[in-house]
Amino acid sequence: MPSRIEIALKPELLDPEGEGLRRKADNYFGIKIENVRTVSIVTIDAALADAQLEKARTEIFTNPLTQISSFSPLAIPADWIIWVGFRPGVRDNAGSTAIEAMEDLLGIRLGKEESIYTSKRYCIQGDRLSEADIRKIASELLANDIIQQWKIYGAENWHPAEGIGIIIPKVRLDHV
């Protein structure tokens with residue numbers, strides 16, 4: 001069964017990637033954002049035991065000094081959320097590296113149909129942001145539409161317990 005790990009910097013630490021996005025939105029488009037926090041997402045599409053997943057979460061994906069992580073969506077305040085991930089069939093280098101790390105740590109080999117995918121969630125705060133502003137940020141600053149897909153969630157349609165759900169960008173071909 002697929003699992004998702006969400007990883008973010010501890011709340012008291014500056015998020016340099018989020019700060020960079022805040023500045024670019026202002027400098028390029030005049031869009032004023034109050035705060036941005038980034039969440040790295042690792043989606044594991046493999047038949048692993050809970051103990052194996054927990055070991056990977058704590059020993060590979062999370063630096064306990066600077067990061068928090070969870071198998072549930074991290075509760076990070078946001079007026080808008082942008083999710084960005086690779087399209088099916090696009091090579092995910094970070095995902096490939098994660099596979100190697102997990103195989104080494106756990107002493108296993110993932111099956112042919114098993115894989116790991118990476119993506120990002122941007123938690124954006126700003127009381128004057130419109131959906132058009134957020135679409136502009138997603139399409140012109142965060143995602144390359146040729147290789148990436150993205151989704152926008154407003155605070156009113158974000159489900160904290162569900163988050164982005166499990167998104168697996170696997171190519172599925174039906175040959176006859």
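## The largest pocket

The largest pocket has a volume of about 300 Å³, as computed on a predicted model. Its lining is made up of 20 residues, and those nearest the centre are Ile7, Ser40, Ile41, Ser119 and Lys120.

Several elements share in this lining: β1 (3-9), α1 (16-29), β2 (35-45), α2, β4 (80-86) and β5 (115-125) supply at least two residues each. β2 gives the largest share, with four residues. By residue type, the lining of the largest pocket holds ten nonpolar, seven polar and three charged residues.

## The second largest pocket

Let's move on to the next pocket. Of its 16 lining residues, Gly89, Val90, Ser115, Tyr117 and Pro169 are the closest to the centre.

Which elements each supply at least two residues of this lining? They are α3 and β5. The lining of the second largest pocket divides into eight nonpolar, four polar and four charged residues.

## Where α2 meets α3

Two helices named above also meet each other. The axes of α2 (residues 50-61) and α3 (residues 93-106) come within 10 Å and cross at roughly 115°, and the crossing is right-handed.

On the α2 side, the contact is made by Gln52, Lys55, Ala56, Glu59, Ile60 and Phe61; α3 brings Ala98, Ala101, Met102, Leu105 and Leu106. These contact residues comprise eight nonpolar, one polar and two charged.

Key. Residues are numbered from 1 along each chain as its sequence is written. This is a predicted model: local features need pLDDT of at least 70, side-chain atom pairs count only at pLDDT 80 or more; totals for chains, interfaces and linings use all residues. Side-chain values use heavy atoms; hydrogens and water are left out. Axes are lines fitted to C-alpha atoms, for helices over the stretch in contact, and angles run from 0 to 180 degrees between N-to-C directions. A crossing is left-handed if the near helix is turned anticlockwise from the far one by less than a right angle, and right-handed if clockwise. Contact means heavy atoms within 4.5 Å. Ala, Val, Leu, Ile, Met, Phe, Trp, Tyr, Cys and Pro count as nonpolar, Asp, Glu, Lys and Arg as charged, and the others, Gly among them, as polar. On a 1 Å grid over the protein atoms alone, a cavity is a set of points where a 1.4 Å probe fits but cannot get out, and a pocket is an open set with protein on both sides within 12 Å along at least five of seven lines; lining residues have an atom within 4 Å of a point. Grid points are joined across faces, edges and corners, and a volume is the space filled by probe spheres set on the points.
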